[in-house]
Amino acid sequence: MSAVGGERPIPPGVAADLAAVRLVVFDFDGVFTDNTVYVSEDGTETVRCWRGDGLGLQALRRAGIDVLILSTEVNPVVTARSRKLGVECVQGCDDKWARLEAILRERGLTPDQVAFVGNDVNDLGCLQAVRMPVVVGDAHPSVLAAARLRTERPGGRGAVREVCDMLVAVHDRAPRPAAAS
């Protein structure tokens with residue numbers, strides 16, 4: 001088993017599947033956030049996110065891995081955070097898997113090239129359909145069996161960065177095709 005950045009080991013079968021990932025799709029609430037929402041008297045919602053996620057997402061893009069946020073809710077806070085991170089965001093998905101399947105067709109990708117990171121029952125369809133289903137450390141018990149990988153960090157507390165670092169480490173070690181002479 002190989003370790004990520006001196007941290008936990010990645011089982012060989014999981015490392016190979018992580019190396020095949022070309023698109024990482026993240027749920028937002030409970031993944032980028034700790035699932036807490038603050039609501040002001042005028043109904044404005046705010047959430048707390050982990051700053052280190054941004055650097056991890058930049059590293060993913062440098063490694064040639066695309067990133068997408070797929071959220072059930074339509075919420076200006078999700079729009080604002082995804083814009084700041086420079087991540088494409090699709091909101092208002094009642095059926096996340098149907099929406100993701102359409103996105104994959106548009107991009108010419110298959111579920112075998114996708115990692116999905118979720119935390120709750122509304123993520124189950126995607127988690128069951130992709131090659132690399134990942135849940136955050138504090139995911140709801142109903143989705144744990146669908147995951148191949150569970151982060152050590154909880155949602156909103158470094159789980160996104162942990163996934164990014166793991167993917168970048170595996171992609172950095174993946175064999176490169178020989179240059180043509």
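## Exercise 1: Around Thr 33

Thr 33 counts as buried, at 1% relative accessibility (buried means under 20% relative accessible area, exposed over 50%, and partly exposed in between, with a 1.4 Å probe and protein chains only). Before going on, note that this is a predicted model, in which local features need pLDDT of at least 70 and side-chain atom pairs count only at pLDDT 80 or more, while totals for chains, interfaces and linings use all residues. Residues are numbered from 1 along each chain as its sequence is written, and side-chain values use heavy atoms, with hydrogens and water left out.

Task: find where Thr 33 lies and which residues it is in contact with, leaving aside its neighbours within four places in sequence.

Solution, step by step:

1. Thr 33 lies in the loop between β3 and β4 (38-39). Helices (H or I, at least four residues) and strands (E, at least two) are DSSP runs, numbered from the N terminus.
2. With neighbours within four places in sequence left aside, Thr 33 is in contact (heavy atoms within 4.5 Å) with Phe 28, Val 47, Arg 48, Cys 49, Gly 155 and Gly 156.
3. A polar atom of the Thr 33 side chain lies 3.0 Å from the backbone nitrogen of Asn 35.

## Exercise 2: Aromatic rings

Task: work out how many aromatic pairs there are, and which residues form one aromatic cluster.

Solution, step by step:

1. Rings of Phe, Tyr and Trp (its six-membered ring) pair if their centres lie within 6.5 Å; planes under 30 degrees apart count as stacked, over 60 as edge-to-face and the rest as tilted. The count comes to two aromatic pairs.
2. The rings of Phe 26 and Phe 32 are edge-to-face, because their planes are at 70°, with the centres 5.4 Å apart.
3. The rings of Phe 28 and Phe 32 have their planes at 15° and their centres 5.5 Å apart, so this pair is stacked.
4. Phe 26, Phe 28 and Phe 32 therefore form one aromatic cluster. Phe 26 is buried at 0% relative accessibility, and both Phe 28 and Phe 32 are buried too.

## Exercise 3: Strand β8

Task: describe how β8 is covered and which strands it pairs with.

Solution, step by step:

1. Strand β8 (residues 114-118) is mostly covered, with five of its five residues buried. Val 114, Phe 116 and Gly 118 point one way, while Ala 115 and Val 117 point the other way.
2. Strand β3 (residues 23-26) pairs with β8 in the parallel sense over four bridges, where a pair needs at least two bridges found by DSSP. Leu 23 stands opposite Val 114 in β8.
3. Strand β9 (residues 132-135) also pairs with β8 in the parallel sense over four bridges, and Phe 116 stands opposite Pro 133 in β9.
4. Together, β8, helix α5 (residues 124-129) and β9 make a right-handed β-α-β unit. Right-handed means that, with the strands pointing away from the viewer, the path from the first strand over the helix to the second runs clockwise.

## Exercise 4: Cysteines

Task: find how many disulfides a search of the whole structure gives.

Solution, step by step:

1. A disulfide is a pair of cysteine sulfur atoms within 2.5 Å. The search finds zero disulfides.
2. For Cys 49, the nearest cysteine sulfur is that of Cys 89, 12 Å away. Cys 49 is partly exposed, at 23% relative accessibility.
3. For Cys 93, the nearest cysteine sulfur is that of Cys 126, 8.4 Å away. Cys 93 is buried, with a relative accessible area of 2%.

How values were computed: Polar contact = N/O pair within 3.5 Å; in protein donor to acceptor, adjacent residues only side chain to side chain.
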